[in-house]
Amino acid sequence: MRLYIAPQTCSLAPHLALEYAGAQYEISHLHFGNNQQRSPEYLAINPKGRVPALVTDRGILTETPAILVFIAQSYPQAELAPLHDAYEFAKLQEFQNYLSSTVHVAHAHRPRGARWVDDPAALEAMRRKVPQNMAECFELIERDYVRGPWVFGEKLSLADFYLFAIAQWLEADGVEPARFPKVQALQRRLEADPRAQRVLAQQSPPA
Ligand SMILES: N[C@@H](CCC(=O)N[C@@H](CS)C(=O)NCC(=O)O)C(=O)O
């Protein structure tokens, strides 16, 4: 399998999942600085011009929650999702869908506001709203989702990889990460794991 990634993006989540699953995979880095995600070569892989994209032997997958669940189901022995518990699996999907459809989109209003408006004043107004929206999302995550130490209590799962990827944006989005002690503890715990360290070391393209 080949995963297309860029540093500091949600593609960190499936990258972590592949590593923790023990999968055989290769990484391709995209340079957002050169708009490589919009190159004809990459648009042939993902016409949405976004990361992540996972090339599998059955075809190409996009959308972070779908890729994450695919990895967990392809490597069930890694136990990265509660695959056999309908309620817990739905809770996982609830959380991942919240991250992709609400939290990620709230963040994108800062760096990617041009997706929605052209007017510079409207762009600026959208950017100003990002700290409030992101803080509200993380208040809910801290209070209602992170059971501790991981999202699903004692069991590390896909949800932790995805939350880790999105929580890395908080500071740049103007939100003090220390306001969310359970999320911060989860980040520190994952960063201390050699498997996560291997992934983080591969996130930036080789010099
Ligand atoms: N809904 C998609 C969103 C993917 C997405 O927006 N990825 C960002 C990085 S976090 C991206 O590739 N942005 C490049 C661009 O907008 O040009 C998912 O959850 O995978």
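**Reading the surface and the aromatic pairs**

Author: In this predicted model, R50 has a relative accessible area of 39% and is therefore partly exposed, a class that falls between buried, under 20%, and exposed, over 50%.

Reader: Where does R50 lie, and which residues form the positive surface patch?

Author: R50 sits in the loop that runs between α2 (40-45) and β3 (53-56), and together with R38, R112 and R115 it makes up a positive surface patch.

Reader: How many aromatic pairs does a search of the whole structure find?

Author: Rings are taken as a pair if their centres lie within 6.5 Å, and here the search of the whole structure gives 5 aromatic pairs. One of them joins Y20 and F161 in a tilted arrangement, with 4.8 Å centre to centre and 45° between the planes. Because Y20 belongs to helix α1 (residues 12-21) and F161 to helix α6 (residues 158-167), this pair ties together parts that are 141 residues apart in sequence.

Reader: Are Y20 and F161 buried or exposed?

Author: Y20 is buried, at a relative accessible area of 8%, and F161 also counts as buried, at 0%.

Reader: Why is the pair of Y98 and Y145 called stacked?

Author: Planes under 30 degrees apart count as stacked; the planes of Y98 and Y145 stand at 25°, with the ring centres 6.2 Å apart, so this pair is stacked. Y98 in helix α4 (residues 86-108) and Y145 in helix α5 (residues 120-145) are 47 residues apart, and their pair links distant parts of the chain.

How values were computed. Residues numbered from 1 in each chain as written. Predicted model: local features only at pLDDT ≥ 70, side-chain atom pairs only at ≥ 80, totals over all residues. Heavy atoms only, no water. Patch = residues over 30% accessible without salt bridge, like charges linked within 9 Å, V, L, I, M, F, W, Y side chains within 5 Å. Areas by Shrake-Rupley, 256 points an atom, 1.4 Å probe, with all protein chains shown as cover. Salt bridge = Lys/Arg side-chain N within 4 Å of Asp/Glu carboxyl O. Lys, Arg positive; Asp, Glu negative; His and termini not counted. Charge placed at Lys NZ, Arg CZ, Asp CG, Glu CD. Helix = DSSP H or I, 4+ residues; strand = E, 2+ residues; numbered from the N terminus. Buried < 20%, exposed > 50% of the residue type's maximum accessible area, 1.4 Å probe, protein only. Phe/Tyr/Trp six-rings, centres within 6.5 Å; stacked < 30°, edge-to-face > 60°.
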